[in-house]
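Here are a few notes from one colleague to another, in numbered points. Please have the coordinates open while you read.

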Amino acid sequence: MSSSRTSTVFTVAAVTVLGGLVAYAVYFDYKRRNDIDFRKKLRKEKKKVTKQTQQEQAKVQAEFDVSPADIKATLLKIREDEVPATPEEKETYFIMQVQVGEQLSQKGPAFYLPAAAAFFRALRVYPSPVEFIMMLQTTLADPLFKIFMQLVNADAESRIEGYYDHFPPKRMNVSAHAGDAQGNQAAKKILIAEKDFQAGDVIYKEKPVVVALDADLEGKGTHCSYCFREIEDGKAVIPTNDKLGSVYCSQDCKDKASLGWQNILFSLDPVLPPELDNGMSALTIEQRTKAQEPYVEFIRTKAKLANLLAARFVAKQVAHETVKLLPKKGGFLADELQEMADGKDLYNIGDHIERLRFVDGQVADEEVKLLGAVLGSALPGLEQSVTEERHAALVGKMGYNAIGVVLGEGRDNRPVTSDRPEELERTRTHRGTARQVGSGIYVVSSYLSHSCAPNATTTFPEGTNELYLVANTDIKKGDELSVAWVDVSQAPDEDVGIARRRRRIELARGWRFKCECARCLQEALAEEEKEADLGVKGDESKVESFMRHEKLPGADTGLD
C-alpha cells in the first residue's frame, strides 16, 4: 500500500513539475518575441553564460590535456619494456596491464596518463589491436580514451615519420633522401654518401632478404640455393624431403634456408618450434604434401623469379613472427632485423618492403590459390594473408627491385627464353641479366638510382650473394650514389646512338622509365650536333610554285 502511495506521489510531482516547465517555456517564448528589453537582457546573459561555460570547459580540458612532450616521453619509456615472448606470458601480461589501467583510472584525471600507458602496453600484446581499441572506446571515460589514442597515434606517426632516422643503419655510411619529383609522381628516395670515398673503396656490404637461384640452376647441384656459392662435385648438402630439389654448400646454409622460407613452402618439417608445435606438424603432413606438389609444378613451369621471391618473402615474414614467440629471440633471423635497420626490433621486414617502389606485377588466380593452400596447410588461417591484389603488388616489388647476382665475369650458358623482348624478366645488374646465376632483394641497395655513367658498382667478390657496393670514382659526402641497372657498355658493333637506344629501351621495358642521366643527355646533344653538320634543316626540297595548289587524292588543298 505504501509503495503504491509513494509511486502516486512521485507521479503527481513529476506531472506538476512538467506542467510548470511547459508554462514557463510558453511565457519565455512570448517575452523573447515581444519584449525588446527582454531580448537585450537575454543576449547579454547568453554571452555571459557562454563565456563562463567556455572558461569552465577550458579549465576541465586543461586538467585532462597531456602535452606532446609527455606523450613522447611515455612512448620512449614503454619501448624500453621487454615484450613477453610466449602466448602464456603475453596473456598474463595483458591481464595485468588492463588491471593496472583500471585501478589508475579510478584515481582521477591526475592518473589518466599512466592509466593510458598501461592500456597501451596491453595493446602491444593483444592479437587483434583494432578490436581492443573498440572495446576501450566503449568502456573508458572520454578524456582517458583520448589520451590513450594520443599514444596510439603518436606511436604510429613516430614509426612512419621516424623510419628514415633508423634506416639505412648508420654503419653503412649512407642515408636515404628524397630526390627530385617528376610531374605528379612522388619523389623517389635516393641514397646519399655520408662520408668521402675514394675510387675502389667499399662503401658498404649488404646481405639479401630473400633470394632465388636461376631456374636452370635450381636443384642441379652446381650452386648453393641459399648463398649461390659454387659447389664442388660430391659436396652438396641435400635435404631429405625438399620438393623443389634445392641443394646447399653447407649445413649452415641449409638450416638458414629451411628456417627462412624453404620448409614452409617446399618441405614437411615442423613450421613451429617444438615448444609451440604441440604435435600439429604430424597431423598436417598429408595436407601439406597435397598442397605443395601442384605449387612446385607451377613454380617450375610457369613462374618467374619474381613470383618465387614473393612467395619466399611471405614465408620469411611468417618466420620472423614465429621467432617473436620464442623466449629467446637470438639466431640469424633476429640478427637479420638488426642488420637491416637501427632501432632494435622497431621495424620488421614488411616495413622495409612496403616503402619500395614498384610497377604492377602480374599474378594468375591459380598462383594465389596454390600459394594460399601451401601456407594454409602449414599454418591454418595463413591462407587469408594472400590476396590477388596484395600478392600482385608484392610480385611487382620483387621484379622492380631484384638485383642480379653475377659471380666473377658472369656466365654465358643461361638458356634463352621464348618470351617476347617486352616480357623478358630483368634484374638490376651492369653485366646484363643473361650473365647472372640468380637474384635477390637488398633493401638498402634498392634505393640506388640508375645512371649510365654510375659512380658505384655492385659486386660479389666473395663468390656468394653478399653484395659489396664499390666506388667507381671519388665520392664526396652528400653525393648521390648511382649504379647501372643494365649493361651500359658499348659493344664493338655499336655506335654511340645504337648503344644509347639499346640501354634506354631495356630500362623502359624493365622499369618503365625514360633515362635522362647526364650521359644520355650528353650523347643525345652530340647526335644533334652531328646532324647539324649535315648542312640541312629538315626537308628542303620543293615543287614548282604553280604546282603548290594542286590537290592530291585524300589531301586538303593548301600551301606547303
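1. A word on pockets before we look at them: on a 1 Å grid over the protein atoms alone, a pocket is an open set of points where a 1.4 Å probe fits, with protein on both sides within 12 Å along at least five of seven lines, and lining residues have an atom within 4 Å of a point. This is a predicted model, in which local features need pLDDT of at least 70 and side-chain atom pairs count only at pLDDT 80 or more, while totals for chains, interfaces and linings use all residues. Residues are numbered from 1 along each chain as its sequence is written, and side-chain values use heavy atoms, with hydrogens and water left out.

2. The largest pocket holds about 1,800 Å³ of space, a volume being the space filled by probe spheres set on the points, which are joined across faces, edges and corners. Its lining has 41 residues, and V83, R124, R159, K324 and D345 lie nearest the centre.

3. Which helix gives the most to the lining of the largest pocket? Helix 7 (142-161) does, with 5 residues. Others that supply at least two residues each include helix 4 (87-105) and helix 13 (305-323); helices here are DSSP runs of H or I with at least four residues, strands are E runs of at least two, and both are numbered from the N terminus.

4. By class, that lining has 20 nonpolar, 5 polar and 16 charged residues. Asp, Glu, Lys and Arg count as charged, Ala, Val, Leu, Ile, Met, Phe, Trp, Tyr, Cys and Pro as nonpolar, and the others, Gly among them, as polar.

5. The second largest pocket has about 1,200 Å³ of space. Of its 37 lining residues, D180, Q182, K188, I190 and S449 lie nearest the centre. Strand 2 (189-193), helix 17 (388-401) and strand 7 each give two or more residues, and the lining comprises 18 nonpolar, 9 polar and 10 charged residues.

6. Now the rings: there are 16 aromatic pairs, counting Phe, Tyr and Trp (six-membered ring) with centres within 6.5 Å, called stacked under 30 degrees between planes, edge-to-face over 60 and tilted otherwise. Y442 and F460 make a tilted pair, 6.4 Å centre to centre with 55° between the planes. Y442 lies in the loop between strands 6 and 7 and F460 in the loop between strands 8 and 9, so the pair ties together parts 18 residues apart in sequence.

7. Ring pairs also join Y163, Y164, F167, Y347 and Y447 into a cluster. R355 lies over the face of Y163, 3.8 Å from the ring centre; the rule asks for NZ of Lys or CZ of Arg within 6 Å of the centre and within 35 degrees of the ring normal.
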